[in-house]
Amino acid sequence: MQISMLSFSIAALFYIAFFILAYGLVAKILQYKNTPAPLKIPTMPAPTTQAGVVFRMSKEVVFFESLFKSSKITWLFGWLFHFGLFLDMLRHLRYFIDPVWFWVVIIQPFGKYGSILMLVGLVGLLARRIVVDRVRYISAPSDHLILVLLLCITTTGMAMSFYLGADVISVKSFFVGLLTFNIQNIPADLVLISHLVMVAFLMIIFPYSKLLHAPGLFFSPSRNQVDNAREKRHLAKWAQELEKTN
Amino acid sequence: MADSKFDTPQLREYPIIPKLKKGVMSHSKPFIAKEPHQEPLGFPGELVDDWENVAIKKMADLQGKYRSLQVYLDSCVKCGACTDKCHYYVGTTDPKNMPVARQDLYRKVYRRYFTFAGKYFPKLVGATDLTKEVLDDWYSYFHQCSQCRRCSVYCPYGIDTAEISMAAREVMDTIGVGQKYCNEIISKVHKIGNNLGLPGPALEDTLEGLEEDVEDETGVAVKYPLDVKGAEVLLVTPSADFFAEPHVDGLIGYGKVFHEAGISWTVSSHASEAANFGMFIGSYDNMRKLAVRIREAALELGVKRIVFGECGHAWRVAYSFLNTLAGPWDFLDPKYPVPQHICEVTYNLIQENKLRFDKSLNDDMVLTYHDSCNVARASRMGDSAGGQFLIPREIIKATCNNFYDMSSDTIKEGTFCCGGGGGLLTDDLMELRVKGALPRMEALRRVVEEKGVTHMAAICAICKSQFSKVFPYYDFTMDQIVSVHQLVSNAIILTGQNDENDEGDHPQEDIDEAA
Ligand code: SF4
Ligand code: SF4
């Protein structure tokens, strides 16, 4: 079988994008991990046990608890978007796994509705960014553009799954091929290709943009520390050095 | 007020989020520290040559030392959830007082020098060079943050603008642009032992004076000891407690509690200051040196416990950092947490029925309680999360008949800063302080009108000083702010006091312990 230039390019793009994403994220995570938190600064009231911290974190990750406290509208749009994204990412697993796991089959239709949630969330977030003077003030061009990028990815995806259809069999063999270093042809479908190129671009900018909020949340000392300063002495390496010199 | 050069904000009937007005607070800048107040702290006396490079180096250094800073600089998504949460934004409507915008003053420099996007596409991500204008903005707006952490509660990632403000102040100190108020005070503690520069003999006079006053009033010889070796408790309290109203009434209260419980205690002239302004300027080193004085005093006096008086940020440093900065405390009595808050001591004694009160003695007041930001969001009291909200309220309820909370979004973890915290309690920032107090004044006005509240109690020296100063701008009077232990002092029944039963004049031993 003849492999098209286009297929090679897209394959190469995804290898590069994946490498940049993985390298960038690992580097950032290591940086966060290796940077000491010299003082106990959990936002109080904070859990007094490690299990409590896991519970606090789960509420932040799953329900965006703090955001819920601060702004119901932002919470609504933000949560809809992320939840939709989550469903859609699960749905997309079918392009990488063969045979497709049972539960991935089950959730296919939910993934489809997930895209609607994403769309609503993104439009809401973008509107808020433009309409509310305070949010407009703090927005850089990149803040708008990331939303636009996500909107384009969502709408091209929706166009394919709701109207245009796509040659899912070929798409799947292309991605399974990528995973096994056996490059296959990808259909020369403009909507599909733009969808994929934008996703690759998103992967590339992830570790170099505010999308770092994803790993950042887990390393936030104000959320992940246990409130036990009096019981347990907490000392960073560099602070220990100070004690020697006095 | 007639003499002020700015307008006191109007209290609003329904607090709605104000529209932003650019630049209205850019003129607000505290006095700059001169050489005598910079050098004792290890900072240059004036703006150094090549300051841009020195500053960028310091930023790199801090990012490597503080995970909080590194993670917070990267993680903000500009969701805007924090934008209306800062009392300085609400009170001034200057957009750079929105927490995220304040962080961005630092973040845009971080991005320019430390991130790929900022190095190659600065316009796209809002990155800028560190110029003199940027530095001016830093000086202005990082001294319009009281490090109260309210923004951190509401941020989906817990981003704490206080951490960024501390870093920015440390960078500025390093290049010779320090703030006079904080640095002058820190140099006094290094030299004399307290913020006010009160030497030992002056302290002794003050404490003796208190003993006389209390004895005159109650007939009981309550002691206010200084530098007594072998005392059980070392009391570390903000120096304002030694002389200013209403602080000193709180100190009188601590003494009565210790006396009644039979706990021997002492103040130390070496560590006669609970406040630790090292935190405000983000300097671990200075904070540590101040904290170590407490360790030295405890060792020198051979005490078994350390108790802190009413002070907000001091309690943060004490509760959250003291073990780190000056521990381990293995030479103290392991039965007690180190350190303890005076409210914990009083509360425990109340629970054990060791104190008796005549609540009617506070009947001339209807109380509300102001949660100090550093106690509420940066520390704890008691054994379980939220004790810092419960314990002071329980003490008030045990000593007063009339108590009402302010509206729920303005207390506990959502409390509004008094407007004077974080090293801003200085006359050269009066406009900021008055405007920053707005949300608290609105909440207070509501309970005054709806519940007939007459007084607000607090457990922070900065809050108390700030409110005595800004109350008149909002048509309250200075004396409407009281110490929690002032309420305790008013209501406590001392064994053997003048008017107790008919045995008033008898020596203490003759009275049966009724409680
Ligand atoms: S709430 Fe947090 S993430 Fe959102 S704008 Fe404020 S600091 Fe940034
Ligand atoms: S810490 Fe407090 S004063 Fe500083 S930005 Fe946040 S809310 Fe405002």
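**Figure 1. Chain A has 13 helices and zero strands.** Helices (H or I, at least four residues) and strands (E, at least two) are DSSP runs, numbered from the N terminus. This is a predicted model, in which local features need pLDDT of at least 70, side-chain atom pairs count only at pLDDT 80 or more, and totals for chains, interfaces and linings use all residues. Residues are numbered from 1 along each chain as its sequence is written, chains are lettered from A and ligands numbered from 1 in the order in which they are written, and side-chain values use heavy atoms, with hydrogens and water left out. The C-alpha trace of chain A spans about 70 × 40 × 40 Å along its principal axes.

Figure 2. Of the 246 residues in chain A, 48% are buried; buried means under 20% relative accessible area, exposed over 50%, and partly exposed in between (1.4 Å probe, protein chains only). Among contacts (heavy atoms within 4.5 Å) in chain A between residues at least 6 apart in sequence, 72% join residues at least 24 apart. Chain A exposes about 12500 Å², with 75% of it supplied by carbon and sulfur atoms; accessible areas come from the Shrake-Rupley method with a 1.4 Å probe, and for residues only the protein chains shown count as cover.

**Figure 3. Helix H16 of chain B (residues 342-351) is largely enclosed by the rest of the structure, because eight of its 10 residues are buried.** The buried residues of H16(B) are Ile342(B), Cys343(B), Glu344(B), Val345(B), Thr346(B), Tyr347(B), Leu349(B) and Ile350(B). Their packing partners in chain B include helix H13 (247-261), helix H15 (312-326) and helix H18 (387-399). Asn353(B), which follows H16(B), has a positive phi near 60°.

**Figure 4. Helix H22 of chain B is largely enclosed by the rest of the structure, since seven of its eight residues are buried.** Val484(B), His485(B), Gln486(B), Leu487(B), Val488(B), Ser489(B) and Ala491(B) are the buried residues of H22(B). They pack against H13, H16, H18 and strands E5 (367-369), E6 (455-458) and E7 (481-483) of chain B.

**Figure 5. A negative surface patch on chain B includes Asp213(B).** Other members include Glu204(B), Glu212(B), Asp216(B) and Asp227(B). Patches are made of residues with over 30% relative accessible area and no salt bridge, like charges being joined within 9 Å; a salt bridge is a side-chain nitrogen of Lys or Arg within 4 Å of a carboxyl oxygen of Asp or Glu. Asp and Glu count as negative, and the place of a charge is taken as CG of Asp or CD of Glu. Asp213(B) is found in helix H12 (residues 200-218) and is partly exposed, with a relative accessible area of 45%.

How values were computed. Patches are made of residues with over 30% relative accessible area and no salt bridge: like charges are joined within 9 Å, nonpolar side chains (Val, Leu, Ile, Met, Phe, Trp, Tyr) within 5 Å.
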